[in-house]
Amino acid sequence: MKHTGRQTTHRTLTDLYRSLDRRHAVTITYLDDNGDETLRTIEPFDIRTTKAGRIQVRAMCRLRGDARSFDLARITAYTCHRIAFVLDREEATTPAEQVIVVRSTAQLIARELGRDYLPTRRITRDQTTLAA
């Protein structure tokens with residue numbers, strides 16, 4: 001088990017990215033919102049930075065059985081395993097529940113950039129106060 005307090009964030013991210021690329025599970029010791037330590041086995045599928053600058057690990061949680069976000073600063077220890085992913089992740093869909101298909105690198109980049117700038121609420125035509 002590697003303790004995140006004893007190594008750099010760069011080293012922790014390197015290990016997590018390696019697990020993500022190899023599709024290997026990771027067991028983490030995580031501090032929840034109440035400050036309680038929980039032990040989770042996760043299957044990471046994305047690592048991203050929030051607008052506030054925090055690093056989040058998006059993963060399928062074997063305890064809950066669905067996708068969860070884990071703040072990197074709250075991961076106190078982790079163990080990378082050689083066991084493969086077992087949980088199925090739902091495919092990304094549009095608001096109309098259609099599956100998103102990405103056919104080129106340019107589409108993928110546009111999709112990722114667009115995801116960061118999507119409005120947090122639905123905007124209608126009668127909301128003229130939001131117009132620039």
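Among contacts between residues at least 6 apart in sequence, 48% join residues at least 24 apart in the chain. The model is predicted. Its chain has 132 residues, of which 26% are buried, and the accessible surface comes to about 9800 Å², with 49% of that area belonging to carbon and sulfur atoms.

The secondary structure consists of 2 helices and 6 strands. Along the sequence these elements follow the pattern β-α-β-β-β-β-β-α. The 6 strands form an open sheet with antiparallel pairing, in the order E1-E6-E2-E3-E4-E5. Strands E1 and E5 are the edge strands, each pairing on one side only. Helix H1 (residues 9-22) packs on this sheet, where it touches E1, E2, E3, E4 and E6; the direction of H1 makes about 85° with that of E3.

| Strand | Residues |
|---|---|
| E1 | residues 2-3 |
| E2 | residues 24-31 |
| E3 | residues 37-49 |
| E4 | residues 55-61 |
| E5 | residues 67-71 |
| E6 | residues 75-84 |

At one side of the sheet, edge strand E5 pairs with E4 in the antiparallel sense over 5 bridges. Within this part of the sheet, Arg58 stands opposite Ser69 in E5. In general, strands of a sheet pair through backbone hydrogen bonds, either parallel or antiparallel.

The cysteines deserve a separate remark. The structure holds 0 disulfides. Cys61 has a relative accessible area of 0% and is therefore buried, since buried means under 20%. Cys80, by contrast, has a relative accessibility of 35%, so it counts as partly exposed.

Definitions and conventions. Residues numbered from 1 in each chain as written. Predicted model: local features only at pLDDT ≥ 70, side-chain atom pairs only at ≥ 80, totals over all residues. Heavy atoms only, no water. Disulfide = S-S within 2.5 Å. Buried < 20%, exposed > 50% of the residue type's maximum accessible area, 1.4 Å probe, protein only. Pairing = 2+ DSSP bridges. Helix = DSSP H or I, 4+ residues; strand = E, 2+ residues; numbered from the N terminus. Contact = heavy atoms within 4.5 Å. Axes fitted to C-alpha atoms, helices over the stretch in contact; angles between N-to-C directions. Areas by Shrake-Rupley, 256 points an atom, 1.4 Å probe, with all protein chains shown as cover.
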